[in-house]
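Please read these points with the sequence and model open beside you. They are written for someone who has not looked at this structure before.

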Amino acid sequence: MARRKPKQQLPTLNNWDEVDLAIKEIAEHERAIEAIVSNMNARIDAAKATAKTDSDPEIAKIAAISRQIEDYAEAHRADLKSKKTLNLVFGQVGWRKSTRVALPKDEEEYSKLIALLHRVGWHDCVIQAPPTISKDMIKAHDFAEAIKLGIAVKIKDEFWIETKRDDLPADKE
């Protein structure tokens, strides 16, 4: 434990035996605090387990309904024309462009790609000390050029749902 300085004036200790007994008393208080914290953590763990058990059916329902909404939205995507988002009374649905950049896992290939990025002038994509490649900076460049350099770029529309919980009527319990 860290050293402590008493905050209030306590009786003066007169010998090393009294000091040793005072240290023993501190250890007893620390042990009591550890027991309290352990009890608190056990109750928190139990509450988390109960919350997980109680929320699992709700999570499963959300996943099932979300799949239904996504299937319907995909089937009727033409209704949106050129829009990516549809505002509804209780929320929004839409698609956002998601770009994933895959870098080589092999160290030799990775080093070659770093050298290649320097040769073509994409210095902003390489972070120094130790040299690493910034996927975010690669996304800022032309994807066709990145693909020519051997960088795997995947672009797809990700479906999303956002609810407006504030617009729901309050539960009556």
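1. Basis. This is a predicted model, in which local features need pLDDT of at least 70 and side-chain atom pairs count only at pLDDT 80 or more, while totals for chains, interfaces and linings use all residues. Residues are numbered from 1 along each chain as its sequence is written, and side-chain values use heavy atoms, with hydrogens and water left out.

2. Salt bridges in general. Side chains of opposite charge can pair when their charged atoms come close. A salt bridge here is a side-chain nitrogen of Lys or Arg within 4 Å of a carboxyl oxygen of Asp or Glu. The structure holds nine of them.

3. A pair in α1. Lys52 and Asp56 form a salt bridge, with 3.2 Å between the closest N and O atoms. Both residues sit in helix α1 (residues 16-75), four residues apart, so about one helical turn separates them. Helices (H or I, at least four residues) and strands (E, at least two) are DSSP runs, numbered from the N terminus. Asp56 is partly exposed, at 34% relative accessibility; buried means under 20% relative accessible area, exposed over 50%, and partly exposed in between (1.4 Å probe, protein chains only).

4. A pair in α2. In helix α2 (residues 107-119), Glu108 and Lys112 are again four residues apart, which means a separation of about one helical turn. Their salt bridge has its closest N and O atoms 3.6 Å apart. Lys112 is partly exposed, with 48% relative accessibility.

5. Which residue forms a salt bridge with Asp157? The partner is Lys84, and the closest N and O atoms are 3.1 Å apart. This pair joins distant parts of the chain, as Asp157 is in strand β5 and Lys84 is in the loop between α1 and β1 (85-88), 73 residues away. Asp157 is partly exposed at 31% relative accessible area, and Lys84 is partly exposed at 38% relative accessibility. Asp157 and Lys84 also belong to a network of salt bridges with Glu74 and Arg77.

6. A loop residue. Is Ile151 buried or exposed? Ile151 is buried, at a relative accessible area of 2%, and lies in the loop between α4 (143-148) and β5 (152-163). Apart from neighbours within four places in sequence, Ile151 is in contact (heavy atoms within 4.5 Å) with Val101, Ala102, Leu103, Leu113, Leu117, Ile138 and Ala146. His76 is 75 residues from Ile151 in sequence and 34 Å from Ile151 in space, C-alpha to C-alpha.
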